[in-house]
Amino acid sequence: MRFRICSFSSHILFRTHSLKSYYLTYSFPYSSPLLRSCSDLQAVKRIHASLIVSSGLQPLSVASKLITLYSQFSDFHSVFSIFNSFEEPDTVIWNSIIKSHVESGLFSHALLLYGRMREFGVVHDSFTFPIVNKAIRSLGCHIEYGEMVHCVAMQMGFGQDVYFGNTMIEVYVKCGSIGNASKLFDEMNHRDLVSWTSIISGYIYRESFSKGLELFNKMRMEMEPNSVTILVMLQACSTFESANEGRELHGYVIKKGIMLDASVGNSILRMYTKAGGSEEDVETFFSEIDERDIVSWNILIAFYSSRGDITKVAERFNEMRREITSSIETLTLVVSAIADRANVSDGGMLHCLAKKTGLCDSLLITSLLSLYAKCGAPEISAQLFRDIPHRTSITWSAMMSGFTQNGSFRDAIEFFQQMLASGHVQPNHDIISTLFIIYTHLGALQLGKAAHAYFIRNLSSSPEEDSAPLGTSLLNMYMRCGSISSALVCYNRMAVKDVVTWTSMIEGFGTHGLGFEALGMFKRMLESGVEPNSVTFLSLLSACSHSGLVREGCEAFHSMKWRFGIEPNLNHNTCMADLLGRSGKLKEALTLIIKMAVSPDSRIWGALLAASRVHGDKKVGEYAAEKLMELEPDNVGYYTIWSNIEASVGRWGEVEEVRREMHERDLKKKPGWSCIEVKGVIHGFVSGDTSHDHVEEISKAVECLNRKIQEVGVLSIIL
């Protein structure tokens, strides 16, 4: 039998004549450790050549080792040369060549080779099926392959082989057939730690935490779990936020002495940070870890980052540096954590630290350029961007997102156009979502529709979990640009509607003064089984406020706390004060503010001040103005409203006093600006600006509109 694919290179044999003498003196007893010491392809070829002219490729373990080494260097020409040198390759050689393809990621080729092995009737051993199973598991979702291999293995008498059974369970789990995995597990006469851990992780992987926990408890009746099993269970407690089970596992670990394993300690720490543990729980356990490594510190920093506690992130980072050397992951964590609230100097210090320590990779640079873009330093972020040799969609997305969050929408659009012009990167979900956000802020409906069309042509076939956030951004864009019908079409087409989707629709209706529609959407949300969150109620209260639905707003505010257990925060109270103020209930609004558990800020006093001006309540207005001046003495907008209130009741002396104080403080109101999209082009306008090319035609059109408004008896809204 011959299985020739390619012949051994003749130049290798030629080179054996020029080898140094000591290579030719080695026989088998020394060849195995010599092969293990090979660090490059040429060294492997030299030893291979010396073996050919001395002892040959005997025993077979030498040939097997050579096949493994050549595959590690992706030299499959030499792999098949060795394979073809055997008249009838035995099981060891077949296993080696199949395994070499599996470990090189050539899973389909590995299965083809196994098919040839079966054709030639080569005997299987206890390693053959586990190697084939690894190829099937790596391909994923090929359950029919797994079932065929399982059937063949049973026919060949490997049904009760524990090693094979364990790999077969992993195949079924990976292919989504947890039923087959469970049946096989139940039929195994002998089960070891790997068997139990595989089936437990299988159920957890398929999001059945309760079944995984049940099996874990059964396992403890037969044998003690090891650190790997504990790690699987701790990861499950983190994923499913099961704090009680996590605490029980913590106690079990202490009792059994498994705590000495550093990875177990870090997993317990991660469990407390993910499963709703308090800051005290996390800090207490962290202090109890005898040997904290970089992973421990990263988990702690990530915990405070997820809570938005930038102060604690900085404190723990500085403490860590006094105890241990930071890693690239640490720096990336800290940069990402402070990106939304940092300034250029903060970014500069971290950037310098990265350069000084030599800890720099593309992910860290991407995080840094995002930070600089968000901090309003486009020159620095652009320079970092240019320094990245291979820009991915993540890099482009970070630049666009940074400019968008900083309000530099034109810069973000310019980068998107540069990306398209480069031709190397195609827009992904994140980039398209950022585009929708940009066009939402600019009110650019036609450009938004163009981005939507691109999404339909190129990305609409993506999995639902990837498309859901993008769909929400899309309906948000249509809502805020005034196209309610298009937003409803997007909403109705979404297969999965989460709380963010429902909240976006409620907010959209509220923005357009459609309070009853917002309330109807909220009712349908509850009927669908989706639980509202604090943001949902904020949108609902805002909708009631804009539509003057006082009774409905008060009912929503009451149910928020007493039915859904959500404690109203300052934002919710601000909406309620605005709702009551708009309807003329200024005293009720003032009472609400005074009775709040948290200290009122300038926004809630500003809402009361604006309502006082509308309803002419000078007394409440003055009180609100005094509070505002204490909180934000340099906010020119509040001085303007206060001045208008005094003017509305003819108190011109007080008006002069307010304006004099504004002058003394050198407070100047920033000019307002707006933009409009015409035929795919965005035109921006600033109050008092006359630089637009068509300013004369625009002014005439505005004057015409102003006259028509006055003709129908409406006060002019343009001064």
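**Helix pairs and a buried threonine**

Reply: α23 passes α25 in a right-handed crossing. Keep in mind that this is a predicted model.

Me: At what angle do helix α23 and helix α25 pack, and how far apart are their axes?

Reply: Angles under 35 degrees count as roughly parallel. Helix α23 (residues 362-374) and helix α25 (residues 393-405) have axes 7 Å apart and an angle of about 20° between them, so α23 is roughly parallel to α25.

Me: Which residues in α23 meet α25?

Reply: From α23 they are Thr366, Leu369, Ser370, Ala373 and Lys374. Their partners in α25 include Ile394, Ala398, Met399 and Phe403. By class, the contact of α23 with α25 holds six nonpolar, five polar and one charged residue.

Me: How is α36 oriented against α37, parallel or antiparallel?

Reply: Angles over 145 degrees count as roughly antiparallel. Helix α36 (residues 586-594) packs on helix α37 (residues 602-615) at about 170°, with the axes 11 Å apart; therefore α36 is roughly antiparallel to α37. Their crossing is left-handed. On the α36 side, Leu586, Ala589, Leu590 and Ile593 make the contact, meeting residues of α37 that include Trp605 and Leu608. The contact of α36 with α37 has eight nonpolar residues, two polar and no charged ones.

Me: Is Thr503 buried or exposed?

Reply: Buried means under 20% relative accessible area. Thr503 counts as buried because its relative accessibility is 6%. Thr503 sits in helix α31 (residues 499-511), where a polar atom of its side chain is 2.7 Å from the backbone oxygen of Val499. Beyond its neighbours within four places in sequence, Thr503 contacts Asn533, Val535, Thr536 and Ser539.

Technical notes
Residues are numbered from 1 along each chain as its sequence is written. This is a predicted model: local features need pLDDT of at least 70, side-chain atom pairs count only at pLDDT 80 or more; totals for chains, interfaces and linings use all residues. Side-chain values use heavy atoms; hydrogens and water are left out. Axes are lines fitted to C-alpha atoms, for helices over the stretch in contact, and angles run from 0 to 180 degrees between N-to-C directions. Helices (H or I, at least four residues) and strands (E, at least two) are DSSP runs, numbered from the N terminus. Angles under 35 degrees count as roughly parallel, over 145 as roughly antiparallel, 65 to 115 as roughly perpendicular and the rest as oblique. A crossing is left-handed if the near helix is turned anticlockwise from the far one by less than a right angle, and right-handed if clockwise. Contact means heavy atoms within 4.5 Å. Ala, Val, Leu, Ile, Met, Phe, Trp, Tyr, Cys and Pro count as nonpolar, Asp, Glu, Lys and Arg as charged, and the others, Gly among them, as polar. Buried means under 20% relative accessible area, exposed over 50%, partly exposed in between (1.4 Å probe, protein chains only). A polar contact is a pair of N or O atoms within 3.5 Å; within protein, one must be able to donate a hydrogen and the other to accept it, and residues adjacent in sequence count only if both atoms are side-chain atoms.
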